[in-house]
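Visitor: I am new to this structure. Could you show me how to read its strands and helices?

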Amino acid sequence: MAEMSVMPHGSGNPYKIVDHARERRKGITASSLEELTNTARSRLALPDDGQLTIVLEQDGTEIDDEEYFATLEKNTSLMVLHGDQKWMAIGGNPTSRYIVVDDVDHAEGSRGDSRRRRSPLEPLVSSLHGDPTHISLLGGHDLEMLSDMDPDSLADIIPDKLFLEQLKEASGRFLVEKRQAQESMALLQMYATGGEMERA
């Protein structure tokens, strides 16, 4: 049942995909969002009918264009939603798949007026409050958002201000380490592609 298929060389970056219930997890490679969607449908044995939506497993952010897809780091864990399935935090309740922030700016008397706009940080911080170890899986963009956040602005979601301050500090540290690791990897890659240097 769990066949190990070898992916052809040079077919894009590696990603981890998981189904809505987190019961099936696969490692795949893809060079575009379209390729990833098609491969995910096949590898997770999802029906041919019905639209697939790809979201970040950690916070449900929807990946809806090639430009954003291109910013994802290798081995990012992605959830594949079929039809009207919604993203769910681990052990949590179904939540909106993604948060629209910009379209609400000019809502003049619309039904959204009475409700406070949700920040993209909210599902991320809530998820980390449930399991702080997930911080090590975050990409650079999310770590940057967390390290720049204002703990007071999230006090109504997570009243534990100490947790928020420690999360902000830890995110900054992880971001620095991640950037240093990426720079080291880039250097190694440069040496590798520049031919063999000297052999001892």
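Predicted model: local features only at pLDDT ≥ 70, side-chain atom pairs only at ≥ 80, totals over all residues.

Guide: Gladly! Residues are numbered from 1 along each chain as its sequence is written, and side-chain values use heavy atoms, leaving out hydrogens and water.

Visitor: In which sense do β1 and β4 pair, and over how many bridges?

Guide: Strands of a sheet pair through backbone hydrogen bonds, either parallel or antiparallel. Here β1 and β4 (residues 77-82) are parallel, with four bridges. Strands are DSSP runs of E, at least two residues, and helices runs of H or I, at least four, numbered from the N terminus; pairing takes at least two DSSP bridges.

Visitor: What is the order of the strands in the sheet?

Guide: The open sheet has four strands, ordered β2-β1-β4-β3, with mixed pairing. At its edges are β2 and β3 (52-56), each pairing on one side only. Strands β1 (residues 13-19) and β2 (residues 25-30) run antiparallel, joined by six bridges.

Visitor: How do the axes of α3 and α4 cross?

Guide: Two packed helices are described by the angle between their axes and the distance between the axes. For α3 (residues 121-130) and α4 (residues 140-148), the axes come within 11 Å and cross at roughly 90 degrees. The two helices are therefore roughly perpendicular (65 to 115 degrees). Axes are lines fitted to C-alpha atoms, for helices over the stretch in contact (heavy atoms within 4.5 Å), and angles run from 0 to 180 degrees between N-to-C directions.

Key. Parallel < 35°, antiparallel > 145°, perpendicular 65-115°, else oblique.
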